[in-house]
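This report goes through a structure with the sequence and the 3D view at hand. Please keep both open while reading.

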Amino acid sequence: MIRRLLIANRGEIAIRIMRGAREMGIECVAVYSDADRSAEHVRVSDRAAWIGGAPARESYLAVDRILDAAVRTGCDAIHPGYGFLAESADFAEACRSRGIVFVGPPPEAMRRLGDKRGARELAEALGLPVVPGGAVDAADREGALQRGRSIGFPLLVKASAGGGGKGMRRVDRFEDLADAMDAARREAEGAFGDGRLILERYLEPVRHVEIQILGEASGNVLHFGERDCSVQRRHQKIVEESPSPAVDPSLRARMGEAAIVIARAAGYRNAGTVEFMLDPDGRFYFLEVNTRLQVEHPVTEAVTGIDLVHLSLREAAGEPLGLEQGQIVLRGHAVEARIYAEDPENDFLPSPGTILLAREPVLPGVRIDSGIASGSEVSVHYDPILAKVIASHRDRPGALRRLAVALESTVILGVRTNLPFLQAVLAHPVVREGGATTRFVEQRFSGWRALAEAPGTALLAAAAAFEIDGSGSTAGVSAGTDPDPYSPWRRGGEGGGGQR
Amino acid sequence: MILQRVYDWGGGEVRLDAHDDGERITVHLDGEEHRFERRRIAAGIYRIEREGEAVTVHVAADERRIWIHAQGRVFQIERKTAARVAGKERGSGFGPIPAPMTGTLRSVLVEEGQVVDEGSPLFILEAMKMELTVRAGARGLLRSVRSTPGARVELGDPLAVLHPIDPEES
């Protein structure tokens with residue numbers, strides 16, 4: 001039984017975990033850096049602990065600071081969310097040695113699977129199909145280059161410790177390999193503190209299909225069906241759905257079994273995801289294991305009706321889940337779109353700044369996991385994800401229509417977002433037909449621009465009315481003067497930092 | 001209340017002259033008059049109506065621009081007097097080299113007074129764990145090089161100034 005949980009993360013995932021924990025009667029403690037003093041995840045928390053400076057290394061990646069905060073606030077468990085320390089076996093071990101429950105797999109399983117190199121080798125040993133390629137020693141530059149040449153192009157340079165598209169680069173020509181390895185290593189070192197690399201043949205056309213799993217202390221592993229995350233830009237998923245338009249019950253059972261085999265062999269526990277590539281002939285290749293709760297877990301929750309955060313917390317506490325594989329059934333369809341603070345017309349460059357006004361729609365069949373509100377600062381220090389919009393319906397076209405309406409009704413002013421891009425992607429016939437592969441965005445949307453259209457006079461009238469009401473002030477709506485009346489989290493800021 | 005403004009939108013200039021009594025707003029634009037009923041629903045949320053057709057509009061503003069969300073889309077109206085991002089248009093490649101995004105100056109790959117070729121990497125910027133290499137837009141001589149790795153830079157801040165090479169010198 002967990003009594004008090006420290007959430008070692010920020011943004012939408014911290015808020016989502018807080019909600020799940022509260023539903024189970026668990027008290028929550030948020031953490032924050034200098035840059036996040038008035039962040040939404042702090043504002044909605046019951047209690048929050050300062051952990052350090054704005055750079056992640058000084059706060060969200062600082063193992064000792066987080067553990068000290070947990071001890072100081074009397075927490076008996078830590079949920080790492082995704083990113084930051086979520087896949088750090090050292091962190092999981094440090095939790096264990098301080099007598100704190102780490103909500104996630106045991107460090108031994110993380111080491112075996114979280115490391116892409118180890119996971120590949122284990123999958124091969126278990127007879128699972130893998131993509132041609134393998135690990136390289138980045139320090140042995142010449143050897144690494146030769147290895148790349150023998151694998152062939154196009155190939156993918158990946159961080160061994162990576163995830164979320166960070167430290168990942170596609171290379172089409174041998175001449176570009178050295179630069180790509182250098183950049184990938186730097187990015188990987190910055191993001192994960194580990195610069196080891198893997199080179200892998202880049203297969204196409206393929207879909208990215210992944211299986212959600214959850215392992216129990218008994219050694220039993222359950223799977224929760226698949227998610228299709230083929231709509232990606234620069235290896236970063238932007239739209240995910242479950243079920244996959246390309247997976248039938250028999251393929252689902254085979255992929256599920258493959259995922260269970262590798263998880264069981266590694267002694268996996270708690271929530272995780274086994275990623276595969278799926279080719280047009282229905283052959284799948286093991287890609288990697290993400291030893292954590294994933295960004296896109298809500299689509300699985302929507303079609304299974306199972307709350308994965310609840311299950312993770314119960315598993316971590318050593319409680320029996322009372323769930324059998326046969327009870328996990330996918331019903332209907334769910335699609336998620338990720339909203340990022342980035343400029344789709346300027347090479348998706350991050351677009352930090354102040355959110356002047358944010359409003360989320362309240363619609364049936366639509367779930368919004370958001371980390372922002374009016375007045376939030378989008379910092380240069382962290383991942384630019386703002387919110388996820390998940391729509392579900394009994395069938396796929398219905399879910400897509402719901403998502404389109406939800407995105408149209410989502411208001412975010414003050415920073416550029418990828419909302420118009422998501423709208424265009426979701427309206428594309430290839431997506432509507434369920435035919436997207438991992439290169440879809442690159443092939444159909446490179447150099448994309450929103451339709452340029454002058455605002456009508458009604459909008460100019462609105463701008464003028466707004467300026468007149470503001471009595472000529474140039475200040476926009478800020479959180480201080482206008483607590484967002486639409487935020488689902490307006491239940492009073494007990495502690496947490498108030499409205500500023 | 002009377003409001004006179006010059007806005008920039010999509011490269012074009014909009015001269016706006018509005019009269020507002022809190023319920024009706026009249027906008028004069030290019031010699032034409034447009035009348036609307038206007039209702040403020042909440043801070044930043046307006047309902048603008050003309051001849052029985054209404055649109056709900058969300059509005060917010062910062063120093064540089066007015067942001068408007070209407071019918072599922074976001075519009076940005078630049079304030080004419082606002083500071084403009086330097087060197088947004090490509091042009092010759094000479095002049096100030098603006099930071100293409102707000103972030104941290106990760107590496108400075110060049111030195112003051114260095115001659116660089118078109119496409120040479122000059123700086124590596126990092127924001128949100130993403131790296132971006134800033135390259136020279138033309139062959140030229142670098143002056144006023146920002147040389148503090150780790151420094152925070154804002155979108156549009158000049159990182160260096162690229163000068164044409166004097167043909168008599170080279």
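What is the area buried between chain B and chain A?

## The interface

The area buried between chain B and chain A is about 4900 Å², and carbon and sulfur atoms give 67% of that area. Buried area here is the accessible area, taken with a 1.4 Å probe, that two parts lose on being put together, summed over both. The size of an interface is often given in this way, as the accessible area lost when the parts come together. Contact, meaning heavy atoms within 4.5 Å, joins 55 residues of chain B with 55 residues of chain A.

The model is predicted: local features need pLDDT of at least 70 and side-chain atom pairs count only at pLDDT 80 or more, while totals for chains, interfaces and linings use all residues. Residues are numbered from 1 along each chain as its sequence is written, chains are lettered from A and ligands numbered from 1 in the order in which they are written, and side-chain values use heavy atoms, with hydrogens and water left out.

## Charged and polar pairs between the chains

Side chains of opposite charge can pair when their charged atoms come close. A salt bridge is counted when a side-chain nitrogen of Lys or Arg is within 4 Å of a carboxyl oxygen of Asp or Glu. Between chain B and chain A there are four salt bridges. One of them links A:Glu467 with B:Arg79, with the closest N and O atoms 2.8 Å apart. The side of chain B that touches chain A is made up of 34 nonpolar, eight polar and 13 charged residues. In this count Ala, Val, Leu, Ile, Met, Phe, Trp, Tyr, Cys and Pro are nonpolar, Asp, Glu, Lys and Arg are charged, and the others, Gly among them, are polar. A polar contact is a pair of N or O atoms within 3.5 Å; within protein, one must be able to donate a hydrogen and the other to accept it, and residues adjacent in sequence count only if both atoms are side-chain atoms.

A:Asp469 and B:Arg38 also meet in a salt bridge, at 2.7 Å from N to O. This pair crosses between chains, from helix H16 (residues 457-469) of chain A to strand E4 (residues 32-42) of chain B. Helices (H or I, at least four residues) and strands (E, at least two) are DSSP runs, numbered from the N terminus. A:Asp469 is partly exposed at 32% relative accessibility, whereas B:Arg38 is buried at 7%. Buried means under 20% relative accessible area, exposed over 50%, and partly exposed in between (1.4 Å probe, protein chains only).

## Salt bridges within chain A

Over all chains, the whole structure has 59 salt bridges. A:Asp182 pairs with A:Arg185, the closest N and O atoms being 3.7 Å apart. Both residues lie in helix H8 (residues 177-192) of chain A, three residues apart, about one turn of the helix. A:Arg185 is partly exposed, at 28%. Seven-letter names aside, a network of salt bridges links A:Glu210, A:Arg227, A:Lys237, A:Glu240, A:Glu275, A:Glu296 and A:Arg338.

Another salt bridge joins A:Asp347 and A:Arg234, at 3.5 Å from N to O. A:Asp347 is in the loop between strands E16 (342-343) and E17 (349-350), and A:Arg234 is in the loop between strands E11 (221-233) and E12 (236-242), so the pair ties together parts of chain A that are 113 residues apart in sequence. A:Asp347 is partly exposed at 48%, and A:Arg234 is partly exposed at 41%.

## Backbone features

A:Arg234 also has a phi near 50 degrees, a positive value in a residue other than glycine. In chain B, B:Glu51 has a positive phi near 45 degrees. B:Glu51 lies in the loop between strand E5 (45-50) and strand E6 (53-61) and is exposed at 78%.

The peptide bond from A:Phe153 to A:Pro154 is cis, with omega near 0 degrees. A:Pro154 is in the loop between helix H7 (141-151) and strand E7 (155-159) of chain A. The bond from A:Glu204 to A:Pro205 is cis as well, with omega near -5 degrees.

## Buried residues in two helices

In helix H13 (residues 419-427) of chain A, the buried residues are A:Leu419, A:Phe421, A:Leu422, A:Val425 and A:Leu426. They cover an arc of only 155 degrees around the axis, which puts them on the same side of the helix. The arc is that of the directions from the helix axis to the C-beta atoms.

A:Glu301, in helix H10 (residues 297-304) of chain A, is buried at 7%. A polar atom of the A:Glu301 side chain lies 2.6 Å from the backbone nitrogen of A:Leu308.
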